[in-house]
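I open this notebook to record what I looked up, entry by entry. The structure comes first, and my notes follow.

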Amino acid sequence: MFSKDDILRDLATKKIGRKIYVFETIDSTNLCAKTLARAGADDGTVVVADYQTSGRGRLGRSWDATPGSSILFSTVLRPHLREAHAGLLTFFAAVSVARAVEEQTRLPVECKWPNDLLLNGKKFCGILLENSFNGSTLDHSVAGIGLNVEHNAFPGELRHRATSISNESGRKEDRLQLFRRILDQMDQLYPEIASESFERIVDEWRSRCGMFGHAVKVLQNEKKVEGSAVGLSPEGGLILKTAEGTTTVYAGEVTVVPE
Ligand code: BTN
């Protein structure tokens, strides 16, 4: 595991990671960051761990990673955002990670709605955004990010849908360098979210997403919506053209239907 000194050495960020908590083992970096945020932690505070005993994913799932295999961290964000814009922070996190991974590996990174990043069509990174509001404005958000760097033990059916960065790049990746690059990219994009200007971030996210113009299936618990993915709503929902008309979905598991 890298130490706090290792991370801070050469880290040139202004806000993201200036305050950083480093753990060998923790229950979940998101849980810890939420506790810190509720106690008033600074904007940009980061919690990073080598191993999580209760790593959490979207839709109530767990997020498992063996020690030393991944980058597992959460960032406390406190931009003054209207409720309608808070969900767009996922795109901020996704674009930051995509840029950093591309810079490190030179491999093209794809975004998948709502919270995944893919290499060669397989997921290597998931984002869990947990927002807390004060009336109709954001009080704080915790952006939890997990990247499979060397992680290769994908059980059962996941083997066909998940990958790690080193699996795709074909070489051992420097986790510390990549982590610093991600914090750097978040820091560079931060002024845009702080001024509630999401246009460029959302445009870049859209240009990295291959599902527009394709038939998709969105699973939401028991419900299934099918249609053609045509765009993003101002809040970051996925707009679908279905047989019944146009509809927007805000959560769920998307698969592109082979044509
Ligand atoms: C998903 O794809 O379901 C989102 C996964 C998010 C996992 C990360 S790992 C670091 C942070 N701490 C957690 O408990 N979860 C997020």
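**Loops and backbone**

I began with Glu-196, which sits in the loop between helix 6 and helix 7. I note that this is a predicted model. I looked up the backbone of Glu-196 and found a positive phi of about 60°, although Glu-196 is not a glycine.

I then turned to Leu-59, which is in the loop between strand 2 (46–52) and strand 3 (70–77). Leu-59 is not a glycine either, yet it has a positive phi of about 55°.

I placed Pro-114 in the loop between strand 4 (110–112) and strand 5 (116–119).

**Helix 4 against helix 6**

I looked up how helix 4 (residues 89–105) packs on helix 6 (residues 175–194): the angle is about 135° and the axes are 8 Å apart. Helix 4 is therefore oblique to helix 6. I recorded the crossing of the two as right-handed.

I listed the residues that make this contact. Helix 4 contributes Leu-89, Phe-92, Val-95, Ser-96, Val-97, Arg-99, Ala-100, Val-101, Glu-103 and Gln-104. From helix 6 come Gln-177, Leu-178, Arg-181, Ile-182, Gln-185, Met-186, Leu-189, Tyr-190 and Ile-193. Sorted by class, the contact of helix 4 with helix 6 holds twelve nonpolar, four polar and three charged residues.

**Helix 4 against helix 7**

I repeated the look-up for helix 7 (residues 199–207). Its axis and that of helix 4 come within 9 Å and cross at roughly 60°. Helix 4 is therefore oblique to helix 7. I noted a left-handed crossing for helix 4 and helix 7.

On the helix 4 side, I found Phe-91, Phe-92, Ala-94, Val-95 and Arg-99 in the contact. On the helix 7 side, I found Ile-201, Val-202, Glu-204 and Trp-205. I counted by class for the contact of helix 4 with helix 7: seven residues are nonpolar, none is polar and two are charged.

I also checked the names against my earlier list.

**The ligand**

Which residues are the closest to the ligand? I found 20 residues around the ligand, and the closest are Ser-28, Gln-52, Arg-56, Arg-58 and Lys-123.

I looked at three of these in detail. For Gln-52, a polar side-chain atom lies 2.9 Å from a nitrogen atom of the ligand. For Arg-56, a backbone N or O atom is 2.7 Å from a nitrogen atom of the ligand. For Arg-58, a polar backbone atom lies 2.7 Å from an oxygen atom of the ligand.

Note on methods: Residues are numbered from 1 along each chain as its sequence is written. This is a predicted model: local features need pLDDT of at least 70, side-chain atom pairs count only at pLDDT 80 or more; totals for chains, interfaces and linings use all residues. Side-chain values use heavy atoms; hydrogens and water are left out. Axes are lines fitted to C-alpha atoms, for helices over the stretch in contact, and angles run from 0 to 180 degrees between N-to-C directions. Helices (H or I, at least four residues) and strands (E, at least two) are DSSP runs, numbered from the N terminus. Angles under 35 degrees count as roughly parallel, over 145 as roughly antiparallel, 65 to 115 as roughly perpendicular and the rest as oblique. A crossing is left-handed if the near helix is turned anticlockwise from the far one by less than a right angle, and right-handed if clockwise. Contact means heavy atoms within 4.5 Å. Ala, Val, Leu, Ile, Met, Phe, Trp, Tyr, Cys and Pro count as nonpolar, Asp, Glu, Lys and Arg as charged, and the others, Gly among them, as polar. A residue is near a molecule or strand if one of its heavy atoms lies within 4 Å of it. A polar contact is a pair of N or O atoms within 3.5 Å; within protein, one must be able to donate a hydrogen and the other to accept it, and residues adjacent in sequence count only if both atoms are side-chain atoms.
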